[in-house]
Amino acid sequence: ILSPSSWSPDSTQQTTPIATPNQKEQVTSGSKFQEQNDHHVPKLTTKGYSMTPSFEDLKAMSEADLAAVSNFVVEREGFGSVAWDGAVDVRGIDLDRVISIEHKDVAVYDAEEAEGTKPPVGSKLNRPAVITMCKVFPKNDSASTPDAKSKFERKLAKTTKKDGC
């Protein structure tokens, strides 16, 4: 709250209004803050999927914090995960729509790419990430020769390079 002496025409500085302790408590811990922030928290409700930081941790973050979340990971147990390098902007992302982790397939922004609404490279989740896939082996893995395994590794490298990774 500005006091009458906080600013004068002679002064070169102006003080910023400050909330009283009562007002601050209402803003940060009250449901009004959470309601205002809820639409910024990413949505992930698909069974079997989880994210790190957790929904509860993300819900407690400010909008500014949600714009730069470090170590963000979306995982589907038994299938794989996507872990983004650096800080990513997760504000308002519908992860149920944007990310698909299936057996031998991970897709981010597939529908958006087809619709022409995919975010530019370097923004939101359209940035470098480490993809981990579970239970992916060369055919007949127990009887595979070293050449077959090497061919499989080259195929994976070629596919990821083609996809811009």
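**Close-up views of a predicted model**

**View 1. Arg76 and the ring of Phe79.** Arg76 is placed over the face of Phe79, 3.8 Å from the ring centre. A charge is taken to sit over a ring if NZ of Lys or CZ of Arg is within 6 Å of the ring centre and within 35 degrees of the ring normal. The model is predicted, so local features need pLDDT of at least 70 and side-chain atom pairs count only at pLDDT 80 or more, while totals for chains, interfaces and linings use all residues. Residues are numbered from 1 along each chain as its sequence is written, and side-chain values use heavy atoms, with hydrogens and water left out.

**View 2. The aromatic pair of Phe72 and Trp84.** One aromatic pair is found in a search of the whole structure. The ring centres of Phe72 and Trp84 are 5.7 Å apart and the planes meet at 35°, so the pair is tilted. Rings of Phe, Tyr and Trp (its six-membered ring) pair if their centres lie within 6.5 Å; planes under 30 degrees apart count as stacked, over 60 as edge-to-face and the rest as tilted. Phe72 belongs to the loop between strand E2 (69-70) and E3, and Trp84 to strand E4, so the pair ties together parts that are 12 residues apart in sequence. Helices (H or I, at least four residues) and strands (E, at least two) are DSSP runs, numbered from the N terminus. Phe72 is buried, at 0% relative accessible area, and Trp84 is buried at 5%. Buried means under 20% relative accessible area, exposed over 50%, and partly exposed in between (1.4 Å probe, protein chains only).

**View 3. The open sheet of four strands.** The strands follow the order E1-E3-E4-E8 and pair in the antiparallel sense. E1 and strand E8 (129-133) form the edges with a single partner strand each, so one side of each has no neighbour in the sheet. Two strands pair if DSSP finds at least two bridges between them. E1 and strand E3 (residues 73-76) run antiparallel and are joined by four bridges; Thr52 stands opposite Val73 in E3.

**View 4. The cis peptide bond at Pro53.** Thr52 and Pro53 are joined by a cis peptide bond, with omega about -5°. Pro53 is found in the loop between strand E1 (49-52) and helix H3 (55-59).

**View 5. Ser81 in strand E4.** Ser81 lies in strand E4 (residues 80-84) and is buried, with 13% relative accessible area. Apart from neighbours within four places in sequence, Ser81 has contacts (heavy atoms within 4.5 Å) that include Val73, Ile101 and Val130.

**View 6. The hairpin of E6 and E7.** Four bridges pair E6 with E7 in the antiparallel sense, and Val108 in E7 is the bridge partner of Ile99. Two residues stand between the strands of this hairpin, where Lys104 takes a positive phi near 65°. Lys104 lies in the loop between strand E6 (99-102) and strand E7 (105-108), and is exposed at 52% relative accessibility.

View 7. Tyr109, a residue other than glycine, has a positive phi near 65°. Most residues other than glycine have a negative phi. Tyr109 is in the loop between E7 and helix H6 (110-115) and is buried, at 4% relative accessible area. Glu112, in helix H6, is buried with a relative accessible area of 6%. Leaving aside neighbours within four places in sequence, Glu112 is in contact with Arg97, Val98, Thr117 and Lys118.
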